Amino acid sequence: MNFMHVMVSPLALMGVMGGVFGILLAIASVAFRVHQDERIGKIRAALPGANCGGCGYPGCDGYASGVVNDGAPVNKCSVGGGNVAKIIAEVMGVDAGDSVPLRAFVRCKGDKDCSPRKLNYDGIDDCRSAATIPGGSPQACPFGCIGLGSCKKACNFGAITMQNGLPVIDIKKCTGCGACVRTCPKAVLELLPQLADVIVACNSHWRGPAVKSVCSAGCIGCGVCAKICPVQAITIDNNLAVIDQSKCIKCGKCASKCPAKCIKTDQSIKKLKKSA
């Protein structure tokens with residue numbers, strides 16, 4: 001009996017203590033509960049769930065919380081576009097504002113035919129890894145696309161294919177999330193207004209002779225485009241033509257006179273306009 005008494009007493013004590021601690025934890029969970037603003041749930045339900053990071057937040061949950069708690073703009077979801085921005089604005093009781101649809105653009109025409117590779121790269125199949133080799137990259141142009149397709153792997157929407165060593169963007173699939181732009185170690189990809197028609201497809205800042213020594217399709221910084229533009233929408237910045245899309249009237253004169261033929265009047269955009 002003494003042995004049983006010795007065994008039962010500690011077990012009973014532990015049971016009582018467990019019950020007390022359980023009650024205290026239950027009380028604490030109610031007293032210290034963090035109440036989430038119901039607007040976060042409503043905004044999260046409206047978001048597409050792509051978790052692409054294009055809004056600048058770590059996924060849709062982070063953006064929903066950012067709108068409510070940090071005052072993030074309601075129109076930062078490029079995947080959801082204007083419709084989602086309108087819903088979020090209604091939840092927050094604010095105006096949605098203007099949201100300009102964006103799309104990715106490849107600032108390079110130096111495919112395998114136009115820009116030779118100076119060495120055969122046999123390392124990790126990733127553009128950032130290739131960019132760290134001595135010399136900067138496998139291709140002759142240090143500003144051009146490396147061509148290993150890291151941007152394609154980063155795209156969650158199947159909007160990028162690789163053709164002859166260059167990424168090709170399907171603008172009907174591109175959501176403008178910017179995942180490919182953030183992945184590119186050469187800043188070859190950029191986000192532009194979806195209906196931007198006249199674009200410089202080059203990223204080189206070398207002078208003309210040096211450019212032509214590594215790429216037959218590169219901008220030589222001659223300035224003809226800037227001189228012929230009727231609205232002064234083009235400037236030459238560090239030997240590279242830059243188009244101010246807010247000024248461009250899409251007349252195409254610069255593209256027609258460009259001796260390097262590196263200014264594109266995007267026919268795919270025109271087709272998109274017709275199908276819209």
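I start with a definition: two rings of Phe, Tyr or Trp, taking the six-membered ring for Trp, form a pair if their centres lie within 6.5 Å. Planes under 30 degrees apart count as stacked, over 60 as edge-to-face, and the rest as tilted. Please keep in mind that this is a predicted model.

How many aromatic pairs does a search of the whole structure find? It finds 2. One is Tyr57 with Tyr63, where the ring centres are 6.1 Å apart and the planes stand at 50°, so this pair is tilted.

Phe143 sits in the loop between helix H5 (127-131) and helix H6 (150-154), and Trp206 in the loop between strand E5 (198-200) and helix H8 (208-214), so the pair ties together parts that are 63 residues apart in sequence. Trp206 counts as partly exposed, with 32% relative accessibility.

What does Ser204 touch, leaving out residues up to four places away in sequence? The answer is Phe143, Val211, Asn239 and Leu240. Ser204 and Phe143 are 61 residues apart in sequence, but their C-alpha atoms are 5.2 Å apart in space.

Next, the helices. Helix H2 (residues 38-46) packs on helix H3 (residues 59-70) at about 135°, and the axes are 9 Å apart. Why is this arrangement called oblique? Roughly antiparallel needs an angle over 145 degrees and roughly perpendicular runs from 65 to 115, so H2 and H3 are oblique to each other. Their crossing is right-handed. On the H2 side, the contact is made by Arg39, Ile40, Ile43 and Arg44; on the H3 side, the residues include Cys60, Ala64 and Val68.

Among the buried residues of H3 are Gly59, Gly62, Tyr63 and Gly66. The buried residues of H3 pack against H2 and helix H4 (81-92). After H3 comes Gly71, which has a positive phi, near 75°.

H2 also packs on H4, at an angle of about 170° with axes 9 Å apart. That makes these two helices roughly antiparallel. H2 contributes Arg39, Lys42, Ile43 and Ala46 to the contact, and H4 contributes Val84, Ile87, Ile88, Val91 and Met92.

In soluble globular proteins, nonpolar side chains tend to be buried together. Here the largest nonpolar core has 18 residues, and those that touch the most other members are Val200, Ile234, Ile243 and Ile263. E5, strand E7 (240-243) and helix H10 (253-257) each give two or more residues to this core, and E7 gives the largest share, 3 residues.

Take Ile263. Not counting residues up to four places away in sequence, Ile263 touches Val198, Ile199, Val200, Cys225, Ile243, Cys254, Ala255 and Cys258. Val84 has come up already, on the H4 side of the contact with H2.

That is my last slide.

Key. Residues numbered from 1 in each chain as written. Predicted model: local features only at pLDDT ≥ 70, side-chain atom pairs only at ≥ 80, totals over all residues. Heavy atoms only, no water. Helix = DSSP H or I, 4+ residues; strand = E, 2+ residues; numbered from the N terminus. Buried < 20%, exposed > 50% of the residue type's maximum accessible area, 1.4 Å probe, protein only. Core = buried A, V, L, I, M, F, W, Y, C linked by side-chain atoms within 4.5 Å. Contact = heavy atoms within 4.5 Å. Axes fitted to C-alpha atoms, helices over the stretch in contact; angles between N-to-C directions. Parallel < 35°, antiparallel > 145°, perpendicular 65-115°, else oblique. Left-handed = near helix turned anticlockwise from the far one by under 90°.
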